[in-house]
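Hi everyone, thanks for making time for this. I'd like to walk you through one structure, beginning with a single residue and then stepping back to the whole chain. Here it is on the screen.

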Amino acid sequence: MNIKSAIGSLSRILLYALLAVVLLVCGILVLVYSPWTQGLAREAIVKKMQSVPGGIHMELGDFRLRFPLNLEIEGFALIQNGDTIIGADRLEAGVKLLPLLSGRADLESALLIGGRYVIGTPDSLMYMTVDADSLALSPASVLLSEMDIALGDAAISGGRLDMTIRPDTSAPKPPSPPTNMRIRAERLSLRNFDYSMRLMPTIDTLSAHISY
């Protein structure tokens, strides 16, 4: 075999190998972004959460991942003892791909419709519920290893915060070790926000309404 033939054979092998890699990548992308695959992933996630101990029930109405990392979720809820502890009617978020490789989640924008977050239970020392008609972020980033959170513009519309704090009659316990966290924000806004607090037995009800 002369040099010309060897070079030709090597070129064809490299071309076939490159074509195989391209077809493999395209196949993986088609599979990942296929509604059928994402439907299976949604069912697997819900089924996995149902088996987690603690009596937490998960609901997930719809789940869509669009190229490259645009996430859409509808009808999401984590329910414990009949109360939704985390929920959202709809969530849209655009995540940058490359920063994830370095452990940082960068959101180009995020929109939460009909959100709910609950801390504690009605009979615990502190019970707090936060509801919002909408929450918009643009942009935002979280350094996962250090919980370093940076917010650009953040706006909450139609928010409601209710908090009840009861006296702690239990024996004092050593304080938990501190957790490092930093939150930086450029501009935050509240629209039609209602705040209500009960600090038992001193304050029965303390409330405020913030138009803007």
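Let's start with S170, which is partly exposed: its relative accessible area is 42%, and that value falls between the 20% and 50% cut-offs, so the residue counts as neither buried nor exposed. Please keep in mind that what you see is a predicted model.

Where does S170 sit? You'll find S170 in the loop that links strand 6 and strand 7. And what does its side chain make a polar contact with? The partner is the side chain of D168, at 2.6 Å.

Now let's step back to the chain. The chain holds 2 helices and 9 strands.

A few overall numbers for you. The chain has 212 residues, and 24% of them count as buried. Its accessible surface is about 14600 Å², with 65% of that belonging to carbon and sulfur atoms. As for contacts with a separation of 6 or more, 48% are between residues 24 or more positions apart.

The largest pocket has a volume of about 680 Å³. It is lined by 23 residues, and the closest to its centre are I86, G87, L91, L112 and L135. Which elements give two or more residues to this lining? They are strand 2 (70-80), strand 3 (83-95), strand 4 (104-119) and strand 5 (126-143). Strand 4 gives the most, with 7 residues. If we sort the lining of the largest pocket by class, we get 19 nonpolar, 2 polar and 2 charged residues.

Then there is the second largest pocket, with about 360 Å³ of space. Here 18 residues form the lining, and those nearest the centre are L135, L137, I149, L151 and A154. The elements giving two or more residues to this lining are strand 4, strand 5, strand 6 (148-165) and strand 7 (182-191). By class, the lining of the second largest pocket has 16 nonpolar and 2 polar residues, and no charged ones.

One thing to look for as you turn the model: L135 is listed among the residues closest to the centre of the largest pocket, and L135 is also listed among those nearest the centre of the second largest pocket.

That's my tour, and I'm happy to go back to any view.

How values were computed:
Residues are numbered from 1 along each chain as its sequence is written. This is a predicted model: local features need pLDDT of at least 70, side-chain atom pairs count only at pLDDT 80 or more; totals for chains, interfaces and linings use all residues. Side-chain values use heavy atoms; hydrogens and water are left out. Helices (H or I, at least four residues) and strands (E, at least two) are DSSP runs, numbered from the N terminus. Buried means under 20% relative accessible area, exposed over 50%, partly exposed in between (1.4 Å probe, protein chains only). Contact means heavy atoms within 4.5 Å. Accessible areas come from the Shrake-Rupley method with a 1.4 Å probe; for residues, only the protein chains shown count as cover. On a 1 Å grid over the protein atoms alone, a cavity is a set of points where a 1.4 Å probe fits but cannot get out, and a pocket is an open set with protein on both sides within 12 Å along at least five of seven lines; lining residues have an atom within 4 Å of a point. Grid points are joined across faces, edges and corners, and a volume is the space filled by probe spheres set on the points. Ala, Val, Leu, Ile, Met, Phe, Trp, Tyr, Cys and Pro count as nonpolar, Asp, Glu, Lys and Arg as charged, and the others, Gly among them, as polar. A polar contact is a pair of N or O atoms within 3.5 Å; within protein, one must be able to donate a hydrogen and the other to accept it, and residues adjacent in sequence count only if both atoms are side-chain atoms.
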